[in-house]
Amino acid sequence: MSEQKPKIGVYVCHCGSNIAGMVDVENVRDWAQETLGKDGVVVSRDYKFMCSSLGQELIEKDIKELGLERVVVAACSPHLHEKTFRTASERAGLNPYLTELVSIREQVSWVHTDKDVATEKSKALVSGAVHRVAYNTELQPLKVPINPNTLVVGGGIAGIQAALEIANAGFHVYLVEREPSIGGHMAQFDKTFPTLDCSACILTPRMVEAGTHPNITLLTWSEVMSVSGYVGNFNVTIKKKARYVNEELCTGCGICVEKCPQKVIDDVYEAGLGYRKVIYTPFAQAVPKYPVLDRPNCTFFKNGKCKACEKFCPTNAIDFTQEDQYLNVEVGNIILATGYDLFDARRVTNYGYGRLPNVFTSLEFERMSNAAGPTGGEITLRDGKTKPETVGIIHCVGSRDKNFNNYCSSICCMQSLKFAHLVKERTGATVYEFYIDMRTPMKAYDEFYQRVLEEGTLFVRGKVAEVTNATHGPHEKGKLIIQVEDTLVGKQRRIPVDMVILSVGMEPRHDAKQVGQMFGISCSSDGWYIERHPKLDPVTTMTEGILIAGCASGPKDIPASVAQGAAAAARVLDKILQKEVELEPIRATVDEAKCSGCRICNNLCPFNAISFLDDLAVTRINPALCQGCGTCVAACPAGAISGTGFSNEQIFAQIEGLLMGV
Amino acid sequence: MNKYLFYPGCSMEGSARAYYESLKAIQPALTMELEEIEDWNCCGATEYLSINLIPAYSLIARNLALAAQQKNGTDTVMAPCSACYLNLEKADYYMAERPALGEKVNEALAAGGLHYEPGSVQIRHLVDVIINDIGLETVKSKVVRPLTGLRVAPYLGCMVPRPDFAKRWSDHEHPSELDDLMKALGAEVIDFPMKTSCCGGHMTQIGPETAYELIRRLVAAAEEQGADIMVTMCPMCQMNLDAYQGETNRHFGTNYHMPIVFFTQLMAVAFGIDPKQAGFGLELVSAKDALARIGLKAPEEQKPTPARKKPEGLPMPKPLPKKYASGQTVVEE
Amino acid sequence: MAPAETVLTQGAGLKKPEDLTLLHEVAEATAGVSHLEMCIQCGTCGGSCPSAADMDHTPRALFAMLRAGMREEVLRSNTPWICVSCYHCVVRCPQEVHIADVMYTLKSMAIKAKKYTDSKPPDFSQTFVGMVETFGRSFELGLATRFYLTHQPLRLPGMAGMGLGMLTKKRMNLTPNRIKNMDQLTAILEKAKTLELTS
């Protein structure tokens, strides 16, 4: 270590009682002043809230008056306030990268229960930072221009909202949807709670706007295949699956659909409750209007005969030779609004879905109650004819259950109340609702509960144990029996009904993990995408330039999904309007004199930032692509790669400092 | 040859003699080698656990310790009795899950010079090894007298598919294993909605009225579904539904006649073994009429099988593929 | 009408400190990890139970009473004795509470505290255990005769037909089977009886 130590200031934060309650802050302060003096500490202070303006001014004043050359702040996690203190140093004329934050809250006071131990650990962490910071060097952030185009993945209500906000602000959006039409789950619903407005009526104007907006390139029946690059400069490959319909020629007249002789069960749009043709548009208001030909089920593709669609198409738009196309687009930001899958009700075998015909899922019921659905809006049993006289609606199917999903799906209570209302309205049947807890916390939701109570729905507090056709006597014959403990009465009840509706919960998309990996973001243990901060930064992720909106990050209702779509758009517009983005200067660099050209590091880089210069036989790292992860640094056998801000000197000094008291 | 350490359990020598005899009869066809655990003791059924926890688990664990000592080309303990199977599995599982229990039990075992390390043996039920080790194809290949026309209600009872600590069964509520085994014999299997409901367990002894109601529900459901016979894999279920069916009838003034036999007995007759050797005749509710339906000892009369109806109305969801422990997936058509 | 305070103190009112930890005491004494404290009172257990109609409290209600420290009422409840160990509640419980094992714990606690109201069920268990402790195997005939003679002599004539059937079909042994190394089993059980499950 050099003889000439830089002048270091140490600042220990109380964070009210968050830190001071478990760490003897004054003791840490005095210890740093006395013991670390020989390591360059010239001043050590504590303060109730270092992050307050007064706290920051304290540091700025010392930098100016005492000529501090390095600053160590022992406070909360760098996630929260590293930027605050680095900016404060910068204001006082010190390069921000000469300031280090030590987390003595998340890593000490919040996780320890012994004050003496916590205080000693805080000292060790401060000592580590003081030793390390001496080797910090002045760094300049890298500025790169931002591509003003945006990719939105997922054409449900959240994605549509995000795309429209950005497009209306004058910037271009690629909206990618894997189904033949945008609209998402909302397009399948009949009514929306709590106002009962028609889902299609409020959704389709937005769909049309997105489909015709000059700033939106709509790519339906398409999927993102790969992503490279970094914030401001992503390169995305999109597969546009063959529709077997020439979009230039197709007028959307629907004659091909009418003439197609082959029907299959529609597992997607009709939730398995209805049929569609093999060439089809999923629903009347689909955007875009062009149909899609379902190749695996097409008679022509299977037997080489038929071509009814081609024969009758008035504009010769059917093209059996069409192939998948791959498009490359460049965008600055990406919003993932990939939505959710429904919980598979067949997994709860005690509710009999798939075995007992008159057990339905919530989505089946949505389709059934929709005037454009398989029954034309009639509520019937599986025979398609009989009206039920008694209906049981079961909450929390697959949710709040450690056997399936631990979390509350948040929409099911309101959805079930909506079903109760619709059943009453359309059939006059007796309706039972089986709930564990009634959760109606948003605007006008509890009022809707009151309304359904008033309409005479019979509420039973208890998680249904089973739905069965095994009778206990003639009075139950031909019925479905809902067996439940009415917990408010304290007795088991067996309630015979004609129809059961399972209010199934939401699940992350089955491919959420792979999609997340492609975009460089991670999933929680439940499988939902993780926000940068669950409360304060809900639409961004830990990867700059990748945003999330709607149910991709967890169950949400329509208002919340729309709000998130708009919020994500606002964050993107903020980036676009800044025109350029500052990249953290934490980068790896190759000392070309030491590089042996072994190429071990070449394939390890997760960001494709490493290239090999054949003429010089050395490796080089693109600083804009490098994210400073350190993989190559650790892999280099020659020690030729070093990470800015994580040099060997810094790491060894930090370890030495940490172990000083041991 | 599939080899197993065999834990017969007390009932196999008494009330479930038909189970034991039919198992011995089909064993050669199934190429199963059974090596009985030397000097095994009672598992305590559902009684010892009510009295005193550590002795109850020590009683079970003595068997596990003996089995572990006897490992000889196999570490699988096969138990045909549901209660035995559950107790052995439970002791093994809880001794690992709650180390304090494991320590105490081993302290007790040490007094008899024994020790058991949880996880040292695999505990499996007879139906599981037949399906997943021997395989339905082998079973099918041994059938010489298919049970065509016999309407069978498969009745598994509680303690095998639940709690299923080792996750060996396709489902807790409507497992398909016994159905598939009966189908392999050519029987017509009814979708028995109460296939894992309770037979009343020891309530026939201590609270008969509770038990009679449970027995009535099961027998009534089987009759309502048009079953000729129920098959079970549990000695307690067989005992309650067979021996107490008469009392149940007296209690409710009903007149049910629903024979219940062990699945191995139907396997045996399907394999061409004489019904007597297969343990038929030991049941109190006679299975004579059921046997007659497959042409044994009585003229053949076929119940008309209802014609498959064309689907009408709204489509049904596809059944969820069931996964067996062996990884084999069964999709019903 | 009784004043509200009286109602309170009769039921789940002020409790002794040891009663407030009753739930944990039960959880501790249960084999495995019971998750008893995780109960959300949803009633899946009470709904699943095939014999709930004969119980004075549903299992869910019993767990609420454990939380409320109602020791006397819980130990006097017939619920654990009516439990048939079918494990339907266990596999369906959304909180993975080991309900059937908790019932075993409550039975042995009631026996120790001599709180059960019907002596038939514990005596049946005790008789069974007595056979096992003597022979190492269960002995159905011995169990049946001894238990019925003590508790249900009037049920015997009605049962005779069945019993005779079981005997003539040789489904009940006339003499017990005995394991060889009874001394070993006795030593294990005697030692085990001196031990208790704590964490």
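This is a predicted model: local features need pLDDT of at least 70, side-chain atom pairs count only at pLDDT 80 or more; totals for chains, interfaces and linings use all residues.
With contact taken as heavy atoms within 4.5 Å, 71 residues of chain C are in contact with 72 residues of chain B. Five salt bridges cross the interface of chain C and chain B, a salt bridge being a side-chain nitrogen of Lys or Arg within 4 Å of a carboxyl oxygen of Asp or Glu. C:Asp101 forms a salt bridge with B:Lys90, and the closest N and O atoms of this pair are 2.8 Å apart.

Which helix gives the largest share of the side of chain C that touches chain B? That share, 10 residues, comes from H10(C). Helices are DSSP runs (H or I, at least four residues), numbered from the N terminus. By class, the side of chain C that touches chain B has 34 nonpolar, 20 polar and 17 charged residues. For this count, Ala, Val, Leu, Ile, Met, Phe, Trp, Tyr, Cys and Pro are nonpolar, Asp, Glu, Lys and Arg are charged, and the others, Gly among them, are polar.

Now to the cysteines. A disulfide is a covalent bond between the sulfur atoms of two cysteines. It is assigned here to a pair of cysteine sulfur atoms within 2.5 Å. The structure holds one disulfide over all chains. A:Cys198 and A:Cys201 form this disulfide, with their sulfur atoms 2.5 Å apart. The torsion about their S-S bond is about 80 degrees, so the disulfide is right-handed. A:Cys198 has 25% relative accessibility and therefore counts as partly exposed; buried means under 20% relative accessible area, exposed over 50%, and partly exposed in between (1.4 Å probe, protein chains only).

A:Cys15 is buried, at 13% relative accessible area. For A:Cys632, the closest cysteine sulfur is in A:Cys626, 6.2 Å away and too far for a bond. A:Cys632 is buried as well, with a relative accessible area of 10%.

Residues are numbered from 1 along each chain as its sequence is written, chains are lettered from A and ligands numbered from 1 in the order in which they are written, and side-chain values use heavy atoms, with hydrogens and water left out. Local features need pLDDT of at least 70 and side-chain atom pairs count only at pLDDT 80 or more, while totals for chains, interfaces and linings use all residues.

Terms used:
Helices (H or I, at least four residues) and strands (E, at least two) are DSSP runs, numbered from the N terminus.
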